[in-house]
Amino acid sequence: MTETRRTWRRTGALIAVASAGALGVGLSAAPAIAHTPVWSVTCDEVSVDLTAYSPTEENTVTITVDGKELLPTKTFKKEFHDKLDLPEHDKELTVRLVVVAGDGDQFSRDESKTAPVCDDVTPSPTPSTTPPSPTPSETSPTPSETPSTSAPATSAPATPSAPPSTTTPGGGLAETGGSSATPVIAGAAAAVILAGGGIMWAARKRRSAQH
């Protein structure tokens, strides 16, 4: 009889230990399967899936981008799902998710992720430090101000006028101030002079003969 009691006591102790172990495993596993915040960030979108939260307590979720609200604080129970478009950006953005669980701060989340730049977004040009080149109107003088580089035009030398014609329209000599009878008169004068000289010579010869 004593041996039978001992056997029952051992069996009861084993059952108690097994029950306590199962309960401990269940309690430790409960937080692992509850309050599951899943969210992802791409270059243009934020996806949020919050599941297994308290169906009786009020839970809140807030999403900000570089300190600006993308999703204002919203209240939900049990679960929350949403997809939000990110603003266009040419540099990385910091996306922050804040979840406050109504059944305990140990289930709350405050996490941040980085949104990369999409490949099809062209970065804005950086300001140039090189001074802008002057426009043609600032460097080139106007046509009226541009000095002529061509050689100065020289007037053609004046063609000397032809000497006056010495012939008359009829083929004779041109009038030069004398008459065509001048040679005849000159010849006659010469003849008179010679004749006068001959007369004087003859007169002297006669005189010398008479003496």
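This is a predicted model: local features need pLDDT of at least 70, side-chain atom pairs count only at pLDDT 80 or more; totals for chains, interfaces and linings use all residues.
Reader: Why is Phe-76 called buried?

Author: Its relative accessible area is 5%, and the limit is under 20%; Phe-76 therefore counts as buried. Phe-80, at 10% relative accessibility, is buried as well.

Reader: How many aromatic pairs are counted?

Author: The count is two. Rings of Phe, Tyr and Trp (its six-membered ring) pair if their centres lie within 6.5 Å; planes under 30 degrees apart are stacked, over 60 edge-to-face, and the rest tilted.

Reader: What kind of aromatic pair do Tyr-53 and Phe-76 form?

Author: The centres are 5.5 Å apart and the planes stand at 75°.

Reader: What makes the pair of Phe-76 and Phe-80 tilted?

Author: The ring centres are 5.7 Å apart and the planes meet at 45°, so the pair is tilted. Through ring pairs, Tyr-53, Phe-76 and Phe-80 are joined into a cluster.

Reader: Which residue lies over the face of Trp-39?

Author: Lys-113 does, at 4.7 Å from the ring centre. A charge sits over a ring if NZ of Lys or CZ of Arg is within 6 Å of the ring centre and within 35 degrees of the ring normal.

Reader: Which residue does a disulfide join to Cys-43?

Author: The partner is Cys-118, with an S to S distance of 2.1 Å. A disulfide is a pair of cysteine sulfur atoms within 2.5 Å. By this rule the count is one disulfide.

Reader: Why is the disulfide of Cys-43 and Cys-118 called right-handed?

Author: The torsion about the S-S bond is about 95°, so the disulfide is right-handed. Cys-43 lies in the loop between β1 (36-41) and β2 (45-51), and Cys-118 in the loop between β7 (109-115) and α2 (136-139), so the pair ties together parts that are 75 residues apart in sequence. Cys-118 counts as buried, at 13% relative accessibility.

Reader: How many helices and strands has the protein chain?

Author: There are three helices and seven strands. These are DSSP runs numbered from the N terminus: helices (H or I) of at least four residues and strands (E) of at least two.

Reader: In what order do the four strands of the open sheet stand?

Author: The order is β4-β3-β6-β7, with antiparallel pairing. Two strands pair if DSSP finds at least two bridges between them. At the edges, β4 and β7 each have a single partner strand, so one side of each is left without a neighbour in the sheet.

Reader: Which strands form the open sheet of three?

Author: That sheet has the order β1-β2-β5 and antiparallel pairing. Its edges are β1 and β5 (80-85), each with a single partner strand, so one side of each is left without a neighbour in the sheet. Between β1 and β2, which run antiparallel, there are six bridges. Val-41 has Val-46, in β2, as its bridge partner.

Reader: Why is α3 said to lie largely in the open?

Author: The number of buried residues among its 29 is zero, so α3 lies largely in the open.

Reader: How does the span of helix α3 (residues 182-210) agree with 1.5 Å a residue?

Author: The expected span is 1.5 Å times one less than the number of residues. For the 29 residues of α3 this gives 42 Å, and the end C-alpha atoms are 42 Å apart, which agrees.

Note on methods. Residues are numbered from 1 along each chain as its sequence is written. Side-chain values use heavy atoms; hydrogens and water are left out. Buried means under 20% relative accessible area, exposed over 50%, partly exposed in between (1.4 Å probe, protein chains only).
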